[in-house]
Amino acid sequence: MITAEGLYKRYRKTVAVDRLTFEVRPGVVTGFLGPNGSGKSTTMRLMLGLDHGEGETRFDGERFTDIRRPMNKVGTLLEAKPFHPTRSARNHLRMLAAANGVGDKRVDEVMELVGLAAVKRKKPKGYSLGMAQRLGLAQALLGDPRILLLDEPTNGLDPHGIHWMRDMLKHLASEGRTIFVSSHLLSEMQLMADELVVIGRGNMLFNGDVDQFVREFTQSTVIVRSPSADALASALEGAGAEVVKGEDGELVVSGMEIGAVGHLAFTENVELSELSTRSASLEEAFMSATGASEEFVATEPIAPATEKTGGADHA
Amino acid sequence: MLDALRYEWTRLTTLRSTYWLIGVGVLCSLAIPVIAGIAVNEEPLTSETVAAGLNGGAAFGIPFLAVFMAIIGIFTTGHEYRHGTIQPTLTALPQRSRLVAAKILVVAAVTVAVTVASMALNAVALLVFWGEVPGLFEDPLRSALLGYVLYTLIYTLVGLGLGLLFRGVPSALVVIFLVPLILETLIFGLSFLPMADWLVPVVKFLPFMSGARMMVVDLAVQDMSGPGMPDFDFFGRWASGGVFAVFAALIITGAWILFKKRDA
């Protein structure tokens, strides 16, 4: 169990993490979501005492900096390639293991577990990002900890690697471990996470289970197709529903239950070829929840000025 | 603390640079008695030549071995930031003071061991060419050689402190070589000019120059007292070493405090 209370971090005038309080339960995978620059990594660094700020995080009741041999209790993966380029991967793990009373046998075990046994004596500078992430996970698992804190562990992994990571984390959670994993890959979170902590600009936006998040931040819509779509759209709007015409000619109706839409079509004597509901995805819920709290937003691409002027205006 | 020492020992011994830096430092130091032995082995050994043979010509500037050991010192802390390993290090060993103490202890022990081993190797070279190493355990040679070990140790620890202070390698390298070789030499040279004679009392507090006095066999020659010379009023051997040690302690203490305060 991880208990974070009042986490707060300020860089000069910018508040990076603003009084975050949440719990991460054992036995489930908890996703940590937020747009770029929302403070996910800073929050994790605060939790581990790498950054100094306010608030307190307890891992099964203990602060991280108070834990003797912490890798045996909390496994972490924070950065993609934090390795000395000329120290072999195995020696990198042996070095960290030495600080935590972990033997060389376990080092070889975790290298085997993450699929790097064949390259364990190679230098990590030759590793791909995916291999580096696997080494990072090996590092996190070194002390066979009950708690895992992973920052974007699927970055750089190929589809097979992502599938492997997802299964691995779900398996570890099923053993009763506490898994806290940040990601911006929403589709991954939908498949992997049972619970979510969602932040935007350092503020808590949501803390609960995935389905509840989708329900809270999106509204289900009704999809209806009809040979008399225009007449039906007018009738629906007349009854107070919001109607948008889809790309394939379907009507996307919001603000009215599916039963009411069917009843209206019946009373208006309009033939229907489809009547269904569409649930929003996690991605839509995420966009809805974090839309106002994006830290770095790109503008729409614009045409070069020369095209607008026909390329003739070269002063 | 034992865990931290094990960590630091594994960190140091699993880096290839540790071995080649020590190897090059020992070989450069060994080259002095070997070249001297080939060139002038018919001349009798004096205390000064024995000292130069054992410490690799330290009297001519910064000892070779100290240069390479200081780079190891800088790598000990600077590499953690250069390669981002400070994060896994602090998640494996989050007690920051324990980590710094372990780094100092392990690097200090290795530096002393390597310096003594290098002197022993150089002594063998002197024995090969001259058949004797006279006055080895008698003052002032004994004190000068002990001073050489202490100088190399303090110089290495200054490197470690600078790596931690600057959180990287390049700035620390610049400071540890340019301050003794250029800045202190410049201040010392300027102090001879009448218009800059106010620098004269400062000279005995120049840290690297003071530290080097520990390695000198005959301090009276180094004091440069005489008609027309500024009166530098240098400290004695060990007091001068104290100036260097205080300088190292200030650098390390400052770096240590900042390391505890700063984000990793």
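This is a predicted model: local features need pLDDT of at least 70, side-chain atom pairs count only at pLDDT 80 or more; totals for chains, interfaces and linings use all residues.
Local features were considered only at pLDDT of at least 70 and side-chain atom pairs only at pLDDT 80 or more, while totals for chains, interfaces and linings use all residues; side-chain values rest on heavy atoms, with hydrogens and water left out. Residues are numbered from 1 along each chain as its sequence is written, and chains are lettered from A, with ligands numbered from 1, in the order in which they are written.

Chain A contains 11 helices and 13 strands, assigned as DSSP runs numbered from the N terminus (helices, H or I, at least four residues; strands, E, at least two). Of the 315 residues in chain A, 50% are buried; here buried means under 20% relative accessible area, exposed over 50%, and partly exposed in between (1.4 Å probe, protein chains only). The accessible surface of chain A amounts to about 15100 Å², and carbon and sulfur atoms account for 48% of this area; areas were computed by the Shrake-Rupley method with a 1.4 Å probe, and for residues only the protein chains shown count as cover.

The size of an interface is often given as the accessible area lost when the parts come together. For chain A and chain B this buried area is about 2500 Å², with 53% of it on carbon and sulfur atoms; the value is the accessible area (1.4 Å probe) that two parts lose on being put together, summed over both. The interface brings 37 residues of chain A into contact with 27 residues of chain B. It includes 17 residue pairs in polar contact, both residues being at pLDDT 80 or more. A polar contact is a pair of N or O atoms within 3.5 Å; within protein, one atom must be able to donate a hydrogen and the other to accept it, and residues adjacent in sequence count only if both atoms are side-chain atoms. On the side of chain A that touches chain B, the elements giving two or more residues are β1 (2-11) and α2 of chain A. Helix α2(A) gives the most to this side, with 6 residues. The residues of this side of chain A divide into 15 nonpolar, 11 polar and 11 charged, where Ala, Val, Leu, Ile, Met, Phe, Trp, Tyr, Cys and Pro count as nonpolar, Asp, Glu, Lys and Arg as charged, and the others, Gly among them, as polar.

Two residues illustrate the packing between the chains. A:H92 is located in helix α2 (residues 89-98) of chain A and is buried, at 1% relative accessible area. Beyond residues up to four places away in sequence, A:H92 touches A:P82, A:F83, A:R87, A:Q139 and, in the partner chain, B:P88. From chain B, B:T10 in helix α1 (residues 2-13) is buried, with a relative accessible area of 11%. Apart from neighbours within four places in sequence, B:T10 is in contact with A:R94, A:M95 and A:A98, while the side chain of B:T10 reaches the backbone oxygen of B:R6 at 2.6 Å.

Side chains of opposite charge can pair when their charged atoms come close. Over all chains, 23 salt bridges were found, a salt bridge being a side-chain nitrogen of Lys or Arg within 4 Å of a carboxyl oxygen of Asp or Glu. The interface of chain A and chain B has 3 salt bridges. One salt bridge joins A:R69 to B:D3, with the closest N and O atoms 2.7 Å apart.

Within chain A, A:E62 pairs with A:K73 in a salt bridge, the closest N and O atoms being 2.6 Å apart. Both residues lie in the loop between β4 (54-59) and β5 (74-77) of chain A, so the pair ties together parts that are 11 residues apart in sequence. A:E62 is partly exposed, at 29% relative accessible area. A further salt bridge links A:R177 and A:D144 (2.9 Å, N to O). A:R177 lies in the loop between α5 (159-174) and β7 (178-182), and A:D144 in the loop between α4 (129-141) and β6 (147-151), so this pair ties together parts that are 33 residues apart in sequence. A:R177 is buried, at 9% relative accessibility, whereas A:D144 is partly exposed, at 42%.

Terms used: Contact means heavy atoms within 4.5 Å.
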